[in-house]
Amino acid sequence: MGGQAQMDPNAQMMAAEQEMEMVTTMFEHLNDLCYKKCLIQRYSDEELTKAESVCIDRCAAKYFQVNREVSDKLAKMTQANSL
């Protein structure tokens, strides 16, 4: 009714698994990137320092901003190619 074709349950499950894998991969990359960039390798305290916390916050924000911009650009390119 809503103009959308119903996906069969197997296709829905595969799409959900692929999305979960993509999100997991993105999180692992973000974690690795920001860890290497922001955390001191010799731990002197069990808590993050203010500098480490600010660095991680900025690193994650920039990562998601760039990811969103790239996704938007790819979507526009895909849409332009399909016309």
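**Briefing: disulfides and a nonpolar surface patch**

Val 66 is partly exposed, as its relative accessible area is 48%. This residue of the predicted model lies in helix H2, which covers residues 50-82. Val 66 also belongs to a nonpolar patch on the surface.

**Surface patch**
- The nonpolar patch is formed by Val 66, Val 70, Leu 74 and Met 77.
- Together, these four side chains' residues have about 350 Å² of accessible area.

**Disulfide between Cys 34 and Cys 59**
- Cys 34 and Cys 59 are joined with an S to S distance of 2.0 Å.
- The link of Cys 34 and Cys 59 is left-handed, with -90° about the S-S bond.
- Cys 34 counts as buried because its relative accessibility is 5%, and buried means under 20%.
- Cys 59 likewise counts as buried, at 8% relative accessibility.

**Disulfide between Cys 38 and Cys 55**
- Cys 38 and Cys 55 are joined with an S to S distance of 2.1 Å.
- Distant parts of the chain are linked by this pair: Cys 38 belongs to helix H1 and Cys 55 to helix H2, 17 residues apart.
- The link of Cys 38 and Cys 55 is left-handed, with -70° about the S-S bond.
- Cys 38 is buried, with a relative accessible area of 8%.

**Overall pattern**
- With bonded cysteines counted along the chain, the disulfides follow the pattern 1-4, 2-3.

Definitions and conventions. Residues numbered from 1 in each chain as written. Predicted model: local features only at pLDDT ≥ 70, side-chain atom pairs only at ≥ 80, totals over all residues. Heavy atoms only, no water. Patch = residues over 30% accessible without salt bridge, like charges linked within 9 Å, V, L, I, M, F, W, Y side chains within 5 Å. Areas by Shrake-Rupley, 256 points an atom, 1.4 Å probe, with all protein chains shown as cover. Helix = DSSP H or I, 4+ residues; strand = E, 2+ residues; numbered from the N terminus. Buried < 20%, exposed > 50% of the residue type's maximum accessible area, 1.4 Å probe, protein only. Disulfide = S-S within 2.5 Å.
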